[in-house]
Amino acid sequence: MPEYRSLDAVITMLAILATGAAYCPASEGILESADQCQEFDWPSHLSSDSSHAYVITTSGSTGSPKQTVVTRDGLNTVFTGLYARLRDHLPIGATWSQFHPLTFGYSVCEIIGCLLFRGTLQLIQRESPLTLDALASAVENETGQYVSCLTPSELNILVSDDQRPLPSHVILSGESAHRAPLAKVFSRDRVPVVVNTYAATETSGQVTVDIVSAERVEAIELGYVGHPLPGVDIRLCSPDGESIPRSDLRTEGEIQVSGPGIAAGYMNVAQDRERFVTEGRHRSFHTGDSGRWSDDGGLIVTGRSDRRVKLSGSWIALDAIERALTRAGLATEAAVAVEEFTIDEGATHVRLLIAAVPAAGDSRATAAAIRKRALEMIERPTMVRTVVLERMPRTGHGKIDLTAIAATAAAPTGPRPRGVVERVWSELLGDGVDPDANLFEHGVDSLGVVAAAQWLSQATGRTVSPTFIFDHPRINLQEQALAERPPVRTRAVPAGAANAPDAAARRRALRSRRFTESKSNRGADL
């Protein structure tokens, strides 16, 4: 069925489920292409009985998109559990917003959740870029109680305007709660009921539920997601395959979910075997998320394994940096990722990419403060590129789009660099680079020096070595010194010499020797 949201689409979805069939929301492009539709041929590793409810593709925010088969038993487990946990917290007969595309599993929570609590479903326009103006208008015009299912990033947009009214009830899912401005929500005169959940497409929706209170905002931001729904079993598994007992509050393990809420599996057999594991009659989904037990027996999600990276010899939790930047009041939203950049001749190095929407003040000063705070947490020289944005790029599902951030941040957004040298360093380090500041205080590491020397040589047409950067650790000093140097003259090269097999090796050896000598003589500068 087409992904386009309409009254007819909702009726069609419910009618398909009522017949015992399954549906698959798909883009118009897929529906128009018979070749692409062949990817939905039913795979042999999945049963073809009538237990299936829908096939939906994961958003790809935590890896490659995966076509997931959700079952009726799964939906029954999730929504029976949600009703048992929330019947004293969500109103009967309220208006519910239908805001998310049908290709996002969260839309099922909106539609079936509304029916479960005997509410009225209201289709809300979804702007692009996302502003939530239509939702704010609907809430303002509603005289009764109003329930909205939102991602934390969407709630951030809604709360960005202090004059906007908030729904009386908000259900959060789809992202870590630290991306929601919970402190601002609970500082309002009229505080909504906020339900935080941990969910996955592969578990038919919600796994845990927690009613947020003002006293526990910090715990929520640090990953507390509450207790499992009835019928849902959670196991924390150590790297050696052992279950971590609930009495162990310190050890982290992978979160594994089992029970009738687990999806039938992925359409792709290789992906299916990687995440869905059957041991005897026990079937579980390995989430790829890390967690630990809280002292009340609930679950703390500490992050995804791919959100913990090793840079400059230290393990860095990307979510922790995001939380620190928003809690410090430097940014209303922050997203941290790791990206590669070229050093020379195909060699690459990695750096931290921090994109942020500044809370207030000068963007360059904010970018500099963001870099300083991140380096304080890392505690050693690390290449950091900071980019200040007016708004975060988002997926069609309303989550922060980490993949698009690198493309959006391809060039600095602050004041235009005054010279070639400043432009090169802006490409390396992003916004907030002060021409008068010591670059090594900006986190530049040894391979960053090598990259900068190569980039400056290409941009200025003059020979720049790592030694030169150590001797001139400020942009304005480099500008002045390079202005006094004559450009490199092109020399005649004997035929075939440029392609000699050891030419590149000789150049690399010379650069390495110069860098090693300069590093030993100037270790204090690093």
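**Helices, sheet and rings**

Mentor: Helix 14 (residues 420-429) is mostly covered, with seven of its ten residues buried. Buried means under 20% relative accessible area, exposed over 50%, and partly exposed in between (1.4 Å probe, protein chains only). Helices (H or I, at least four residues) and strands (E, at least two) are DSSP runs, numbered from the N terminus.

Trainee: What are the ground rules for the numbers?

Mentor: This is a predicted model, in which local features need pLDDT of at least 70 and side-chain atom pairs count only at pLDDT 80 or more, while totals for chains, interfaces and linings use all residues. Residues are numbered from 1 along each chain as its sequence is written, and side-chain values use heavy atoms, with hydrogens and water left out.

Trainee: Back to helix 14: which residues are buried?

Mentor: They are Val-421, Glu-422, Val-424, Trp-425, Ser-426, Leu-428 and Leu-429. The helix is followed by Gly-430, which has a positive phi near 80°.

Trainee: And how many residues of helix 7 are buried?

Mentor: Eight of the eight residues in helix 7 (residues 152-159) are buried. Among them are Glu-154, Asn-156 and Leu-158.

Trainee: What do those buried residues pack against?

Mentor: Their partners are helix 6 (133-141), strand 5 (146-150), strand 6 (169-172), helix 8 (182-186) and strand 18. Contact here means heavy atoms within 4.5 Å.

Trainee: Strand 18, then. In what order do the strands of its sheet run?

Mentor: The order is 18-19-20, in an open sheet of three strands with mixed pairing. Strand 18 and strand 20 (384-388) each have a single partner strand and stand at the edges, so one side of each has no neighbour in the sheet. On average, neighbouring strands of this sheet are turned by 25° against each other, direction ignored. Axes are lines fitted to C-alpha atoms, for helices over the stretch in contact, with angles from 0 to 180 degrees between N-to-C directions.

Trainee: Over how many bridges do strands 18 and 19 pair?

Mentor: Strand 18 and strand 19 (residues 347-358) pair over twelve bridges in the antiparallel sense; two strands pair if DSSP finds at least two bridges between them. Ala-334, for instance, has Ala-356 in strand 19 as its bridge partner.

Trainee: Which helices lie across these two strands?

Mentor: Helix 11 (residues 318-327) lies across both, at about 135° to strand 18. Helix 15 also lies across both, at about 70° to strand 18.

Trainee: New topic: how many aromatic pairs are there?

Mentor: The count is eight aromatic pairs. Rings of Phe, Tyr and Trp (its six-membered ring) pair if their centres lie within 6.5 Å; planes under 30 degrees apart count as stacked, over 60 as edge-to-face and the rest as tilted. Tyr-266 and Phe-276 have ring centres 5.0 Å apart and planes at 80°, so this pair is edge-to-face. Both Tyr-266 and Phe-276 are buried.

Trainee: Why does the pair of Phe-341 and Trp-455 count as edge-to-face?

Mentor: Their planes stand at 90°, with centres 6.3 Å apart, so the pair is edge-to-face. Phe-341 in strand 18 (residues 331-344) and Trp-455 in helix 15 (residues 446-460) are 114 residues apart, and the pair links distant parts of the chain.

Trainee: Where is the pLDDT below 50?

Mentor: The chain averages a pLDDT (the predictor's confidence in each residue, from 0 to 100) of 85, and 87% of the residues score at least 70. The value is below 50 over residues 490-526. Where pLDDT is low, the predicted coordinates should not be read in detail.
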